[in-house]
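Here is a short tour to follow in a viewer. Each stop says what to select and what is found there.

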Amino acid sequence: MSAPVVAQKAPFGVKVEAGKTYWWCVCGRSQKQPFCDGSHKGSEFQPLQYTAAKTDTAWFCGCKTTGTKPLCDGSHKKL
């Protein structure tokens, strides 16, 4: 599997709504970061489904190397 594109070396803070489903961009190519816009088509990447447990700010990974996909775990600090 090829490596994803680093969209940014910081997380994306996004207000999410409890029970709502979001599709996190895994490939890093989406122009609608941190969410999928279909730019992965033709690659081995597929977006990752995330359903918010509560209404709050979620910190989605921007570097695409997190170990807690789709949320940031600070992996961008090692890039």
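What share of the contacts in the protein with a separation of 6 or more comes from residues 24 or more positions apart? Such residues account for 56% of those contacts, where contact means heavy atoms within 4.5 Å.

Before selecting anything, note that this is a predicted model, in which local features need pLDDT of at least 70 and side-chain atom pairs count only at pLDDT 80 or more, while totals for chains, interfaces and linings use all residues. Residues are numbered from 1 along each chain as its sequence is written, and side-chain values use heavy atoms, with hydrogens and water left out.

**Whole chain.** Show the protein as a cartoon. It has four strands and zero helices, in the order β-β-β-β along the sequence. Strands here are DSSP runs of E with at least two residues, helices are runs of H or I with at least four, and both are numbered from the N terminus. The radius of gyration is 12 Å, close to the 12 Å of the globule rule for 79 residues, so the protein is as compact as a globular protein of that length. That radius is taken over C-alpha atoms, and the rule is 2.2 Å times the number of residues to the power 0.38. The C-alpha trace spans about 35 × 30 × 20 Å along its principal axes.

**Core.** Next select Val14, Val16, Tyr22, Tyr50 and Phe60. Within the largest nonpolar core, which has 16 residues, these touch the most other members. Such a core is a set of buried Ala, Val, Leu, Ile, Met, Phe, Trp, Tyr and Cys residues joined through side-chain atoms within 4.5 Å. Buried means under 20% relative accessible area, exposed over 50%, and partly exposed in between (1.4 Å probe, protein chains only). At least two core residues come from each of strand 1 (12-16), strand 2 (21-24) and strand 4 (56-60). Strand 1 gives the most, with three.

Stay on Val16. Apart from neighbours within four places in sequence, its contacts include Tyr22, Ala52 and Phe60.

**After strand 4.** Now select His76, in the segment after strand 4. Is His76 buried or exposed? It is buried, with a relative accessible area of 15%. Beyond residues up to four places away in sequence, His76 touches Lys9, Ala10, Pro11 and Cys63.

Finish at Leu79, found in the segment after strand 4. Leu79 is partly exposed, at 48% relative accessible area. Its C-alpha atom is 7.6 Å from that of Lys9, 70 residues apart along the chain.
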